[in-house]
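I opened this notebook to record what I looked up in one structure, topic by topic. The entries follow the order in which I consulted the model.

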Amino acid sequence: MKFIKIISAYLIMLPLVSCQSTPGDASSNVDRNIETLLKEMTLEEKIGQMNQISPPEDLSQIVDLVKKGEIGSVLNLVDPEAINALQQIAMEETRMKIPLIVGRDVIHGFKTIFPIPLGQAASFNPELVKEGARVAAVEAASQGVRWTFAPMIDIARDPRWGRIAESLGEDTYLTSVLGVAMIDGFQGDNLNDPTSIAACPKHFVGYGAAESGKDYNSTFIPERTLRNVYLPPFKAAVDAGAATFMTSFNDNDGVPSTGNRFILDQVLRKEWGFTGFVVSDWASVSEMINHGFAKDGKEAAMKAINAGVDMDMVSGTYVAYVKELLNEKKITMQTIDDAVRNILRIKIKLGLFENPYVDISASSVLYAEEHLLKAKEAAVQSAILLKNDNEILPLNESIKTIAVVGPMADAPHDQLGTWIFDGDKNYTQTPLKALQAEYGDKVRILYAPGTAYSRDMRTEGIAAAVNAARNADVVLAFVGEESILSGEAHSLTNLDLQGAQNELIAAVAKTGKPVVTVVMAGRPLTIGRDAEVSEAVLYNFHPGTMGGPAIADLLFGKAVPSGKLPVTFPKVVGQIPMYHSHNNTGRPYQGNETMLQDIPLEAGQTSLGNTSFHLDAGFDPLYPFGYGLSYSTFSYTNLRISADKLKTTESLTVMTDITNTGKYDATEIAQLYVQDCFGSVTRPVKELKDFTRVPLKAGETKTVTFTLPMEKLAYYNLDMNYVVEAGEFKLWVGPNSQEGLKTAFVVE
Ligand code: GLC
């Protein structure tokens, strides 16, 4: 607060009320304003706009830089008074009076924390995901943050990669739809609304394909795969009006994204017409020296600017070298002006010129009741029921005593998941506390964690857990990962439950009491043996602030699980990468292969058959993409399509009847997959092309209709043309990527 005292000593503090921002300028007005500003700006001021810093604790150290216009943006400053004070210098003490833009990683909530994006993806509910992003925007903007470094829409097919937690999963279509939902939620109906924050789809591009799932590692994605798998979510983001983009750390086929002119200029600007601005990732400009792509900071700055990176996040290379690079004609003034235009355009669209200050007199919206309720709804819909033998769930009135065990039962910090800069664990409602508060009057709750945290190897606490199990009718085992075990730079080679959690589950299962294993993790884990000894498994990708009440309601049937897996669960790490939209290969798995233990002694070289599988793990995953159970059951009947031959310009109407054949009102997520049977290149065995949530009362039947435009079947073919190729297609509608009713049609 020292800084604010210094500032207010010689600044007349304007009444910091947020004045009504003028309605958004039409683009011609915006461009006119930009040109007016640009004409007046000095080179130093232009370079300043391209410079983002993470400010020191003592903000007075950067007052002069702000006054000279050498800083265009700050990140990781969330004190509204400090933001207003810095902003006031920018608006009152500089020559050009250009507002700062304040950025922050608001990935799955600001204060009210929602499930991690991988969890939200399991809801297959774009509206709910949008509402979650809206809540995050309202809370962040109320503190002066008007730009978030999200959504993260990297396609992630490798659960060894810690950042799979931040992703929306393995599927291009699901990621595209939900990424747009987040952008819509963050940016609202109008970017210059004071509750709107600029979105920043990231990391552009291909970061999730890091070799061996090791974060920051090189990727080798050929252009056709880039265009068919990794780029579409970003294209959808541009079409949705995303205000900014962030480059990725990885070098793809030898070219770091931060210096990759093909993706930043050819694709993003020329092909897609993106008019926002591009920010580097943290110091990714200067990290091109480590890549061996630039010999020093000056060359790194040159390569980044010429590739199309408008703003340098914290490396300081733009401020240090742009003037020199200009003098040496290694970059042009046009390039600098274009970068500054892009940045000014977003600042104008955000209304920052008319409305640079945050209204600190407004009543707090942080942790508002409706925000917490929305976060609970998201946690409910993000939970995936993977197993439920003997209908042990929902817990019924025969259950008088429950044993609550496991290190995640009461872990308020870890339940929030990764990328929580502003979430406060003191607001977390854990499963233990929720069970005690909501159901403690109905059942007796015996609590014995067994181990203290997910990596805890000590086993002396397990005896108490076993004892609790012996005295209970059912055991609820809350296991998983501490939040730090996923997220950036947290990649793993072993996806088994850490510490002594396996032993804990095995020990309580040995009592013969039914075990319900509730997982909270940042990624798919190889939980096959834990699931085997559990009657039921409820999987939650770190469910956030309201995870406890959500899980408690699910366990007791006040809510019914509907989540579906947005990512494939391998049986063992050795199967990775593993995803549903794989190619068929020339020797596809047949299902009758001889597995390791069944191989006869002295077997001849060709005695086992030659197909694509692993002798020790087979072919199938532990759980497939799109999989998830309910307390009810559903039947799919009467699949019919509007035509069996179509032109590429036509649309296919697909209908099926879905019946809730169980005894609970529930929601099914029906999924539509397509296979292009023969292409000019090999095509995936299945691709998700649509999905819909179908609420059904017990016994109810609904006809579900999908409309599939043939243009949705377009892809980049052998000649790299984006076309729908004529030929035979198969189509499925079902509950996951492995089951469903099947039909076929032909595109002429
Ligand atoms: C990090 C991340 C990026 C984040 C940025 C700012 O290293 O890669 O996702 O937005 O730095 O925190």
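The entries below concern a predicted model.

**Entry 1. The ligand and its surroundings**

I began with the residues around the ligand. There are 13 of them, and those that come nearest are Asp105, Arg163, Lys202, His203 and Asp281. I then sorted the shell by class and found seven nonpolar, one polar and five charged residues.

Next I looked up the distances from side chains to oxygen atoms of the ligand. For Arg163, a polar side-chain atom lies 2.8 Å from a ligand oxygen. For Lys202, the distance between a side-chain N or O atom and an oxygen atom of the ligand is 2.7 Å. For His203, a side-chain N or O atom is likewise placed 2.7 Å from an oxygen atom of the ligand. I also noted the cover: on its own the ligand has 310 Å² of accessible area, and the protein covers 94% of this area.

**Entry 2. The peptide bond at Lys202 and His203**

I stayed with two of these residues and checked the backbone. Lys202 and His203 are joined by a cis peptide bond, with omega at about -5°. I located His203 in the loop between α8 and α9, the latter spanning 223–230.

I recorded another cis peptide bond, from Ala150 to Pro151, where omega is near 10°. Pro151 belongs to the loop that runs between β4 (147–148) and α8 (172–187).

**Entry 3. Positive phi values**

I then looked up residues other than glycine with positive phi. Lys97 has phi near 55°, and I found this residue in the loop between α5 (80–92) and β3 (101–104).

Tyr216 sits in the loop between α8 and α9, and with 35% relative accessibility it counts as partly exposed.

**Entry 4. Strand β14**

Is strand β14 enclosed by the rest of the structure or open to the outside? I found that seven of the seven residues of β14 (residues 515–521) are buried, so the strand is largely enclosed by the rest of the structure.

I then took the two faces separately. In a regular strand, side chains alternate between the two faces of the sheet. On one side of β14 I listed Val515, Thr517, Val519 and Ala521, and on the other Val516, Val518 and Met520; all are buried, and both faces are therefore covered.

Which strands pair with β14? Strand β13 (residues 474–480) pairs with β14 in the parallel sense, over six bridges. Within this pairing, Phe478 has Val518 of β14 as its bridge partner. The chain passes from β13 through helix α19 (residues 501–510) to β14, and I recorded this β-α-β crossover as right-handed.

Strand β15 (residues 536–541) also pairs with β14 in the parallel sense over six bridges. Here I found Tyr539 of β15 opposite Val519.

**Entry 5. The sheet that contains β19**

I turned to an open sheet of five strands. Their order is β17-β25-β24-β19-β20, and the pairing is mixed. The edge strands, each pairing on one side only, are β17 (645–646) and β20 (687–696).

For the pairing of β19 with strand β24 (residues 727–734), I noted an antiparallel run joined by six bridges. Leu672 has Val733 in β24 as its bridge partner.

Glu668 lies in strand β19 (residues 666–676). Buried or exposed, at 3% relative accessibility? The limit for a buried residue is under 20% relative accessible area, so Glu668 counts as buried. Its side chain makes a polar contact of 2.6 Å with the side chain of Tyr636.

**Entry 6. Asp58**

My last entry concerns a loop residue. Asp58 is placed in the loop between β1 (51–53) and α4 (63–67). At 22% relative accessibility, Asp58 counts as partly exposed.

Notes:
Residues are numbered from 1 along each chain as its sequence is written. This is a predicted model: local features need pLDDT of at least 70, side-chain atom pairs count only at pLDDT 80 or more; totals for chains, interfaces and linings use all residues. Side-chain values use heavy atoms; hydrogens and water are left out. A residue is near a molecule or strand if one of its heavy atoms lies within 4 Å of it. A polar contact is a pair of N or O atoms within 3.5 Å; within protein, one must be able to donate a hydrogen and the other to accept it, and residues adjacent in sequence count only if both atoms are side-chain atoms. Accessible areas come from the Shrake-Rupley method with a 1.4 Å probe; for residues, only the protein chains shown count as cover. Ala, Val, Leu, Ile, Met, Phe, Trp, Tyr, Cys and Pro count as nonpolar, Asp, Glu, Lys and Arg as charged, and the others, Gly among them, as polar. Buried means under 20% relative accessible area, exposed over 50%, partly exposed in between (1.4 Å probe, protein chains only). Helices (H or I, at least four residues) and strands (E, at least two) are DSSP runs, numbered from the N terminus. Two strands pair if DSSP finds at least two bridges between them. A crossover is right-handed if, with the strands pointing away from the viewer, the path from the first strand over the helix to the second runs clockwise.
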